[in-house]
Amino acid sequence: MPAPALPGAAPAHVLPVIVLAQWAGTSLWFAVNAVMPELQRDWGLGSAAVGALTSAVQLGFIMGTLVFAVLSVADRFSPRWVFLACAVAGAACNALGAHVAGSLEALLVLRFATGFFLAGIYPVGMKIAASWYPQGLGAALGWLVGALVLGTASPHLLRALGTDWPWQQVMDVVSLLALGGGLLLAATVPDGPHLPRAARLQWRALGALWTHRPVRASAFGYFGHMWELYTFWVLVPAIVGTRLAGAPASAAAFAVIALGTLGCVAGGLLVRHVGSARVANVQLAASGLCCLLAPWMLHAPDLVFALWLAVWGTTVVGDSPQFSTLTAQNAPREAVGSLLTLVNSIGFAVSIVSIQLFAMLAARFDLATLLPWLAVGPVLGLWMMRGLERLR
């Protein structure tokens, strides 16, 4: 006879559905990046357009997280209905970008709006998970950030599978994925028994970034990680494009980015044995080393080149859930939500600077010259994280 379920225990389907919905919803993030060659050809866009369009999503996400936090949207309303509403709105903005926007300026506005509504998908999805799984934060975030990574990579897979599709159709399928994920979650996952009730954003909590050493260490480790992460994802098509073209290049870009899911999930499982700080440090050091090896790896034999990209794709994001875990664990109890919001907002602002800078420099310098400079972030992050294991 099976053991009776504990009061408030999560049904077996809850975590898989949240992960699936998170994957589907966050596929909106890089929808345009997967079709950039066709978009540049049809609209006559320059190479800097990819940086501008990606940064527009990042900026929208920053604004969205701040607005959602200040207005306590996910506290005033059921998080699953917030998730659904933002999935519907984000899918609509993405589809409008494919069929209505006729200029780069209009598309930038719609990508900003898509990023804004992603703030009601990615963080709210984590809140829903926390309402069902209050224990094992590092492992749970590993699954959810892994779903974000897979969602980010998915448009590249769609581009590879639909080689004969016009780029607008790829965008439409991404929109349908996001819509389906929102409907699935709203229909099958009720609000959890441990739904966290966060206060409004506490701006004074920012002071802990400077005055509380463990918080400062994990926050600046995260900032260094964000300098590298999204810029690397933007540059992945160009990196694989040095060896492949067409559908094989899109498939390879998907594989490189999707491998980050493995890094997130495996890191979450290792946390139980070695702790979040060690997992974050090892993965940050590994991805930083991949940056520095770029001038040699770009000209290495195919097998070595593939292994290098596989390691980089796995480790570049595997540390992300553990930085969030460390910040949540080290923050003052009354300011956890505020600090996480502020740290995430600053981290995405760092990513905008990095994306814009590298997109501009890519027109003047080759990848062998550019890629090692991504290591600036990991080096800074490791410097700030030093001693955190001992402090804990």
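A salt bridge, as the term is used here, is a side-chain nitrogen of Lys or Arg within 4 Å of a carboxyl oxygen of Asp or Glu. Good morning, colleagues. The structure is a predicted model, in which local features need pLDDT of at least 70 and side-chain atom pairs count only at pLDDT 80 or more, while totals for chains, interfaces and linings use all residues. Residues are numbered from 1 along each chain as its sequence is written, and side-chain values use heavy atoms, with hydrogens and water left out.

By this rule, the model contains 3 salt bridges. I shall take them in turn.

Let me begin with Arg-243 and Asp-302, whose closest N and O atoms are 2.5 Å apart. Arg-243 sits in the loop between α12 (213-240) and α13 (246-274), and Asp-302 belongs to helix α15 (residues 302-318), so the bridge ties together parts 59 residues apart in sequence. Helices here are DSSP runs of H or I with at least four residues, numbered from the N terminus.

How exposed are the two partners? Arg-243 is partly exposed, at a relative accessible area of 28%, whereas Asp-302 counts as exposed at 54%. The cut-offs are under 20% relative accessible area for buried and over 50% for exposed, with partly exposed in between, using a 1.4 Å probe and protein chains only.

Next, Glu-38 and Arg-159 form a salt bridge at 2.8 Å, N to O. Glu-38 is in helix α3 (residues 36-43) and Arg-159 in helix α9 (residues 137-161), 121 residues apart. Both Glu-38 and Arg-159 are buried.

Finally, Arg-41 pairs with Asp-42, with 3.0 Å between the closest N and O atoms. Arg-41 is exposed at 59% relative accessibility, and Asp-42 is partly exposed at 43%.

Conventions
Helices (H or I, at least four residues) and strands (E, at least two) are DSSP runs, numbered from the N terminus.
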